[in-house]
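Hi,

Here is the structure I said I would pass on. Have a look at it first, and then read my notes below.

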2 protein chains.
Amino acid sequence: MASSDKKILALSGGVGGAKLALGLKHYLPAGQLTVVANTADDFEHLGLSISPDLDTVMYTLAGLNDTQKGWGLAGESWSGLAALERLGGDTWFQLGDKDLATHLMRTLALAQGKTLTEITALLTQRLNAGVKLLPMSDDPVRTMIETATGELSFQHYFVRDRCAPIVSGIRFEGIEAAQPQAEFMRLLQSDELSAVIICPSNPFVSVEPVLSLPGVREALKSSRAPVVAVSPIVAGLAIKGPAAKMMQELSMPASAQAVANYYGDLLDGFVIDESDAFQAEAIEALGIKALVAPTIMKGLRDRIDLAQQVVKFSTSLV
Amino acid sequence: MASSDKKILALSGGVGGAKLALGLKHYLPAGQLTVVANTADDFEHLGLSISPDLDTVMYTLAGLNDTQKGWGLAGESWSGLAALERLGGDTWFQLGDKDLATHLMRTLALAQGKTLTEITALLTQRLNAGVKLLPMSDDPVRTMIETATGELSFQHYFVRDRCAPIVSGIRFEGIEAAQPQAEFMRLLQSDELSAVIICPSNPFVSVEPVLSLPGVREALKSSRAPVVAVSPIVAGLAIKGPAAKMMQELSMPASAQAVANYYGDLLDGFVIDESDAFQAEAIEALGIKALVAPTIMKGLRDRIDLAQQVVKFSTSLV
């Protein structure tokens with residue numbers, strides 16, 4: 001087990017990233033892990049401020065997520081959504097009755113002048129998430145997806161249109177003016193940092209916004225802490241979400257190796273699935289150490305095992 | 001049955017008023033009834049714009065109200081409220097999962113610049129309320145309750161503190177600057193108006209705000225249409241709510257006669273319950289015609305019967 005006085009930082013999007021974050025929570029001593037979640041897919045819907053990745057990570061860390069459905073809260077009910085439909089409201093985004101309470105609390109706190117960091121700290125504490133969870137920024141950044149038929153906000157692309165439009169480009173509105181969350185940036189620049197783990201999240205829409213915040217990429221490169229990513233692509237497919245489809249549309253091969261190539265010299269190590277072991281050599285040729293491990297996390301045990309392997313791998317890279 | 005080319009206007013608060021409004025809907029020909037609801041107990045809660053009286057009337061007219069519980073929607077669920085409690089949110093106001101959809105729709109529409117009239121029209125149409133329902137005003141008016149221990153907003157007094165504080169005075173914040181809803185005012189001044197029915201709602205906090213809007217009392221007095229009120233006090237008790245308790249605290253006898261006296265020369269007729277028949281003479285001595293009728297509305301039949309008696313009584317006063 002890693003020494004408890006050193007900090008580990010995990011960068012995460014939603015569902016896939018949250019699985020590894022949960023493994024890290026269980027594997028690491030209390031207080032060692034900080035998770036930074038993407039907020040570029042946050043959006044305003046029905047007057048509510050919704051932070052899908054933050055919520056997915058928070059619910060997962062708190063053990064409240066629906067493991068059957070793969071998203072949302074376990075035991076969720078949908079009375080409000082049915083009532084909303086009757087009233088002619090927008091129902092393309094599935095708002096559960098319990099989940100709605102989170103959005104109400106966040107929206108109210110933001111309207112009262114609290115920061116996303118403050119409200120996230122409050123919510124994770126109330127839900128006993130047991131891990132420090134930070135938004136990547138307290139400033140609004142919004143992923144916009146360029147498609148053949150025009151630009152779409154991320155949730156319109158991802159949820160409403162079910163990732164069907166062909167992606168020709170991606171931009172992060174507001175990224176130049178956004179500051180990385182202060183504690184996140186302090187940790188990145190701290191000697192206490194022992195590793196940065198990029199969770200198996202979508203490189204283009206979940207991780208790239210975090211890396212694109214002013215100063216983050218530079219701080220990662222300057223840090224003595226190794227940066228290790230876990231491939232979200234296994235055997236040419238994304239475990240969840242549109243990563244593989246996006247890669248093809250953006251004229252990249254949908255492979256673990258292409259993800260390593262995409263992250264490039266930011267990485268010290270890259271973790272690929274056993275089914276992609278044959279790509280290890282090509283990845284190492286990029287100057288990135290490769291670890292082959294079972295990366296498909298079906299249950300909690302898989303998550304903890306992968307967390308352990310990733311942490312030990314990162315320690316070996318110092 | 002009253003002639004269908006004349007309009008009837010009902011002024012209503014919440015639960016008690018909505019019962020008679022429903023009776024009127026069933027008794028009168030389609031298109032004849034307009035209900036104006038009090039909006040002075042509207043409030044902002046958890047960032048939502050809530051209009052309790054409008055919603056109670058709307059749900060009741062649409063047949064969606066919970067007749068067992070006496071308030072809210074039938075078949076309501078409370079998952080969101082439980083989740084809100086876990087998150088440390090305010091739960092003193094019982095927000096049901098279905099009801100929440102109404103508040104979300106209204107809050108969003110108001111934020112988009114729609115008027116309360118417009119959103120009420122949309123919601124009543126979606127729910128098939130079948131009656132024109134208008135807010136008393138599109139401008140914010142807020143009932144403030146003066147008590148021995150300080151001033152309370154109406155919902156804090158009514159819901160959070162369960163009407164326990166002793167009332168020493170009532171004021172309607174914003175009333176001087178508020179305009180009566182335009183269609184309401186046009187109808188009040190119209191020759192088409194054949195009767196105004198003041199429903200058995202709380203005279204002080206449900207009806208008084210409507211009457212206190214600039215120009216409303218004058219228009220009622222100038223109108224040739226008779227004004228008939230139904231007593232909310234039966235045998236010295238309020239069927240629902242704090243009317244009787246308030247009367248005592250405001251140094252009035254809690255009686256139907258005292259309500260007639262309170263409305264005074266605004267009224268042409270006053271409907272009292274059979275149990276208060278002995279007060280008819282004293283009421284007529286005030287220059288107000290009295291009708292004795294069974295006013296306790298237990299089921300739909302009672303509501304329609306009372307509506308019929310009230311309409312016929314008003315017709316007799318022309």
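**Helix α11 in chain A**

In helix α11 (residues 256–263) of chain A, the buried residues are Ala256(A), Gln257(A), Val259(A) and Ala260(A). Their arc around the axis is only 160 degrees, so they sit on the same side of α11(A). What do the buried residues of α11(A) pack against? Their partners are α8 (203–212), β11 (233–234), β13 (269–273) and α12 (280–285) of chain A. Just after α11(A) comes Gly264(A), with a positive phi of about 60 degrees.

Keep in mind while you look that this is a predicted model.

Next, have a look at helix α1 (residues 15–27) and helix α13 (residues 300–316), both of chain A. They pack at an angle of about 75 degrees, and their axes are 7 Å apart. Since angles of 65 to 115 degrees count as roughly perpendicular, that is the label for α1(A) against α13(A). On the α1(A) side, the residues involved are Lys19(A), Leu20(A), Leu22(A), Gly23(A), Leu24(A), His26(A) and Tyr27(A). They meet Arg303(A), Ile304(A), Leu306(A), Ala307(A), Gln308(A) and Val311(A) in α13(A). Sorted by class, this contact has eight nonpolar, three polar and two charged residues.

**The sheet in chain A**

There is an open sheet of three strands here, in the order β7-β6-β8 (chain A), and the pairing is antiparallel. β7 (150–153) and β8 of chain A are at the edges with a single partner strand each, so one side of each has no neighbour in the sheet. Neighbouring strands are turned by 25 degrees against each other on average, direction ignored.

Strand β6 (residues 142–147) of chain A pairs with β7(A) in the antiparallel sense, over four bridges. Within that pair, Met144(A) has Ser153(A) in β7(A) as its bridge partner. Helix α8(A) packs on the sheet, where it touches β6 and β8 of chain A, and its direction makes about 40 degrees with that of β8(A).

Is Gly169(A) buried or exposed? It counts as exposed, because it has 11 C-beta neighbours inside 10 Å, and the cut-off for exposed is 12 or fewer. The C-alpha atoms of Gly169(A) and Ile145(A) are separated by 6.2 Å, although these residues are 24 residues apart along the chain.

**The sheet in chain B**

Chain B has an open sheet of three strands too, with the order β7-β6-β8 and antiparallel pairing. Its edge strands are β7 (150–153) and β8 (167–173) of chain B, each pairing on one side only. The twist from one strand to the next averages 25 degrees. Strand β6 (residues 142–147) of chain B is joined to β8(B) by six bridges, and the two run antiparallel. Opposite Glu146(B) you will find Gly169(B) in β8(B).

**Where the chains touch**

Finally, the contact between the chains takes 23 residues from chain A and 23 residues from chain B. On the chain A side, α3 (79–86), α4 (97–111) and α5 (116–126) each supply at least two residues. The largest share is that of α4(A), with ten residues. By class, the chain A side divides into eleven nonpolar, eight polar and four charged residues.

Best wishes

Definitions and conventions
Residues numbered from 1 in each chain as written. Chains lettered and ligands numbered in written order. Predicted model: local features only at pLDDT ≥ 70, side-chain atom pairs only at ≥ 80, totals over all residues. Contact = placed C-beta atoms within 7 Å. Nonpolar A, V, L, I, M, F, W, Y, C, P; charged D, E, K, R; others polar. Pairing = 2+ DSSP bridges. Axes fitted to C-alpha atoms, helices over the stretch in contact; angles between N-to-C directions. Parallel < 35°, antiparallel > 145°, perpendicular 65-115°, else oblique. Buried ≥ 20, exposed ≤ 12 C-beta atoms within 10 Å, placed from the backbone. Arc of directions from axis to C-beta.
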